[in-house]
Amino acid sequence: MKYIIIFLCLSLTFACTEKIATTSTQNVSMYDSPLIDREVALNNPYELTFDIEKLKDDQYHIVTIMKLFGGSFYVSPHSTREFKGRFTIELADNDHLILGDDFIEIPRSKEVFDPHQFVNGLVNWVQEDTRYDHNLTVTSQEDFEVGGKIIFTIEPKCTLEVIPFIIKYKSGVLTIEKWMC
């Protein structure tokens with residue numbers, strides 16, 4: 001009888017501990033994080049850089065590096081739910097470049113539950129400095145320029161960021177630069 005009581009007590013303790021751990025991680029929204037430095041997150045939330053990396057012949061990567069400051073965050077392109085401000089890269093319609101659907105995110109974001117009223121579900125938040133490698137194929141040997149943009153909503157500032165860029169191919173060399181409108 002003594003062993004049964006000890007077993008039941010241990011089982012209840014484990015069940016309560018597991019419930020507390022689950023509850024505490026599921027009821028905290030990224031928007032309520034005590035780690036956010038509001039002044040930095042609102043005035044200087046990120047730094048975005050990009051470059052072209054040649055892989056072979058006509059294969060390249062657009063390498064994008066996002067550095068976050070003040071506890072800022074955004075929705076990963078790996079999020080399965082549709083978010084207007086999910087991190088995306090788009091190219092203008094053209095006959096010179098193909099932007100592949102495959103990409104690499106380093107480090108890879110993890111899906112979490114966020115109870116905030118604007119999310120209230122599963123989301124892949126990016127909360128740390130992250131690198132993206134997007135596949136890019138050159139389909140033309142003539143010189144060209146193709147515009148594109150990187151789109152994302154930076155939180156908690158809650159602004160839709162649109163960063164235009166231009167990819168240039170001149171004399172066999174592919175480059176990318178921010179486009180100043």
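Reply: We may begin with a pair of strands: E9 and E10 run antiparallel and are joined by 11 bridges. The model is a predicted one, in which local features need pLDDT of at least 70 and side-chain atom pairs count only at pLDDT 80 or more, while totals for chains, interfaces and linings use all residues. Residues are numbered from 1 along each chain as its sequence is written, and side-chain values use heavy atoms, with hydrogens and water left out.

Me: What are the strands and helices, and when do two strands pair?

Reply: Helices (H or I, at least four residues) and strands (E, at least two) are DSSP runs, numbered from the N terminus. Two strands pair if DSSP finds at least two bridges between them. Strands of a sheet pair through backbone hydrogen bonds, either parallel or antiparallel. Here, phenylalanine 144 has tyrosine 169 in E10 as its bridge partner. The hairpin of E9 and E10 has 4 residues between the strands, and cysteine 158 takes a positive phi near 65 degrees there.

Me: Which strand does E10 run antiparallel to over 6 bridges?

Reply: That strand is E11. Lysine 178 in E11 stands opposite phenylalanine 165. With 2 residues between the strands, the hairpin of E10 and E11 includes serine 171, which takes a positive phi near 50 degrees.

Me: How many bridges pair strand E1 with E2?

Reply: Strand E1 (residues 46–56) pairs with E2 through 10 bridges, in the antiparallel sense. Glutamine 59 in E2 is the bridge partner of lysine 56. In their hairpin, which has 2 residues between the strands, aspartate 57 has a positive phi near 25 degrees. E2 also pairs in the antiparallel sense with strand E8 (residues 130–138), over 8 bridges, and there isoleucine 62 has histidine 134 as its bridge partner.

Me: Where are the edges of the open sheet of 3 strands?

Reply: The order of this open sheet is E3-E7-E6, with antiparallel pairing. Strand E3 (74–75) and strand E6 (111–114) stand at the edges; each has a single partner strand, so one side of each is left without a neighbour in the sheet. E6 is joined to strand E7 (residues 121–126) by 4 bridges, and the bridge partner of phenylalanine 113 in E7 is leucine 122.

Me: Is a residue such as asparagine 43 buried or exposed?

Reply: Buried means under 20% relative accessible area, exposed over 50%, and partly exposed in between (1.4 Å probe, protein chains only). Asparagine 43 counts as exposed because its relative accessibility is 60%; this residue lies in helix H2 (residues 38–43). By contrast, strand E2 (residues 59–68) is mostly covered, with 7 of its 10 residues buried.

Me: Which residues have the most contacts inside the largest nonpolar core?

Reply: In soluble globular proteins, nonpolar side chains tend to be buried together. A nonpolar core is a set of buried Ala, Val, Leu, Ile, Met, Phe, Trp, Tyr and Cys residues joined through side-chain atoms within 4.5 Å. The largest one here has 28 residues, and those with the most contacts inside it are Leu97, Leu136, Ile150, Phe152, Ile167 and Leu174. Its largest share, 5 residues, comes from E9. A second, separate core has 10 residues, including Tyr31, Phe83, Val123 and Trp125.

Me: What does isoleucine 167 touch?

Reply: Contact means heavy atoms within 4.5 Å. Leaving aside residues up to four places away in sequence, isoleucine 167 touches several residues, among them Ile62, Leu91, Leu97, Leu136 and Leu174.

Me: How many aromatic pairs does a search of the whole structure find?

Reply: A pair of aromatic rings is described by the distance of the centres and the angle of the planes. Rings of Phe, Tyr and Trp (its six-membered ring) pair if their centres lie within 6.5 Å; planes under 30 degrees apart count as stacked, over 60 as edge-to-face and the rest as tilted. The search finds 11 such pairs. Phenylalanine 73 and tryptophan 125 form an edge-to-face pair, 4.8 Å centre to centre with 85 degrees between the planes. Phenylalanine 73 lies in the loop between E2 and E3 and tryptophan 125 in strand E7, so the pair ties together parts that are 52 residues apart in sequence.

Me: Why is the pair of phenylalanine 144 and tyrosine 169 stacked?

Reply: The ring centres are 5.2 Å apart and the planes stand at 10 degrees, so the pair is stacked.
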